[in-house]
Amino acid sequence: MDTHKFDVRELSKQVRSFYEQRKPFRIYHGDSHSFRAMHDPKAVIHTSHLHHVLDVNKTSRFAIVEPNISMDKLLKEMLKYGLMPPVVPSFPGLTVGGTFAGTAGSSASFRYGFFDQAVLWVEVVLPDGTITRASRTRNAELLDGTVGSLGTLGIVTLLQIKLVEAAKWVELRYMPVESDVDALETLERLAKDPGNSFLEAILYGPQSPHYGVIVVGKLSTASHHPQVILDNPVSEWFYDHALRACGTTQCVQLDDYLFRHDRGALNLGKYCFGRLPLNSWTRWLADPALRSSPITRTAQALHWADHLFMQDLVTPPESTSTMLDFMEKNLGIYPLLLTPVLRSPNDHASTFTPHLTLSTNLTRQSCALTSSPSLQRTSTFPSADLRPQRYTITVPLNSRTANWSSVFTSWAVSNGFILGIITQKKSFGRFMIGGGMRS
């Protein structure tokens, strides 16, 4: 802890120096899943050395960690105590600080919400160099504001995270669905079952043998079904594996399951092959380069951000079917990753920026891309009610080679689904959501 305090004081001095010079700066923590370019290498605050677990309390089930520890290393340390974070994003290279400041979910989000809902307090270096803490009871607005702020309100240097009980195995059941309505109804029904630990849907579209597959998982201390290894370099990537395993039940080790989308970065790796065949031999040969972190580094090095548009969106449950129909008719991009997310009724602040304070008859809400004062807040459910309350969308799109001027309706963020679209079969020139344009 003494080393941590010294590091944070030195970081605070650097921030204070930039503040006195009135000079903007960027935060750099090493490898990143962001496509943003680093503009001025001299105006950078380095936090890559803040990557340690400082304390684990097995009795009270919490850990105190620095922000740059990656999810795979955090999970490895927590499993020594038989514990795990409630929400573990499926890319192992994501950091604790990144998932908090950038907002991240997982297949456990139907029960626990986004990752930030497991954060009890954070230590923050403010823009003027002041070191402070924010929790649910102290500086609560600062804690709410830093969620999803991408580090724009301060530098998070320490976090206390709630933990939950872990198990060695996950029993996975693959259930076919034949339409978007079928998928949404099945997800809502399964989300109410307190025995389910993980829940997501992978949608393949009407041209696939099955429109989609619901993957539901339960933690288990023993293996009662055929065991599979998802991390095998010659094996199919998980989205292909789920389709072939449809109708079966399998057992997967916990860490293998949690990072199931790492190989191939869901299916983005498919587009790195070009005209080369994609088979077990080429997957094995290219496996080290086709994990989520190397693919992201490649995207950064080749400046994909100059022509690639990636964005998370959020939709309420009642609008998700309409959204899927729209995307099918206008985009035809598959597979889609659809994951329900629970929002705590006590979480009055938004988990996405920008934050808006609306008129007196409306509560504060936000959207990943835009917020509209005309939106009526949809009701939230009690915490014991496990019905899905919202979903987000990750959309990587080529923004130069075609024209697209359709306008999405504004999507409320208080409830919704996650749609993860990792492909670029179609390209657009404009992206308009609720009147907010992204080119």
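Start with contacts in the protein chain. Take those between residues at least 6 apart in sequence: 75% of them join residues at least 24 apart. Keep in mind that this is a predicted model.

Now the overall numbers. The protein chain has 439 residues, and buried ones make up 55% of them. The accessible surface comes to about 19,600 Å². Carbon and sulfur atoms hold 52% of that surface. For secondary structure, count eleven helices and 22 strands.

Begin with α1, residues 2-21. How far apart are its end C-alpha atoms? They are 29 Å apart. With 20 residues at 1.5 Å a residue, the helix should span 28 Å, so the two values agree.

Which residues of α1 are buried? His 4, Asp 7, Val 8, Leu 11, Ser 12, Val 15 and Phe 18. Look down the helix axis. Those buried residues fall within an arc of 140°, so they line one face of α1. Turn to the face directed away from that buried side. There you find the exposed residues Asp 2, Lys 13 and Glu 20.

What does the buried side pack against? Strands: β2 (44-46), β3, β6 (119-125), β7 and β8 (155-162). Then comes the end of the helix. Arg 22 follows α1, and its phi is positive, near 60°.

Most residues other than glycine have a negative phi. So which loop residues go the other way here? One is Arg 61, with a positive phi near 60°. Arg 61 sits in the loop between β3 (53-57) and β4 (62-65). Remember β3: the buried residues of α1 pack against it. Arg 61 itself is partly exposed, at a relative accessible area of 35%.

Another is Asn 139. Its phi is positive, about 55°, and it is not a glycine. Where is it? In the loop between β7 (131-135) and α5 (140-146). β7 is also among the strands that the buried residues of α1 pack against. Buried, exposed or in between? Asn 139 is partly exposed, with a relative accessible area of 37%.

Conventions:
Residues are numbered from 1 along each chain as its sequence is written. This is a predicted model: local features need pLDDT of at least 70, side-chain atom pairs count only at pLDDT 80 or more; totals for chains, interfaces and linings use all residues. Side-chain values use heavy atoms; hydrogens and water are left out. Helices (H or I, at least four residues) and strands (E, at least two) are DSSP runs, numbered from the N terminus. Buried means under 20% relative accessible area, exposed over 50%, partly exposed in between (1.4 Å probe, protein chains only). Contact means heavy atoms within 4.5 Å. Accessible areas come from the Shrake-Rupley method with a 1.4 Å probe; for residues, only the protein chains shown count as cover. The expected span of a helix is 1.5 Å times one less than its number of residues. The arc is that of the directions from the helix axis to the C-beta atoms.
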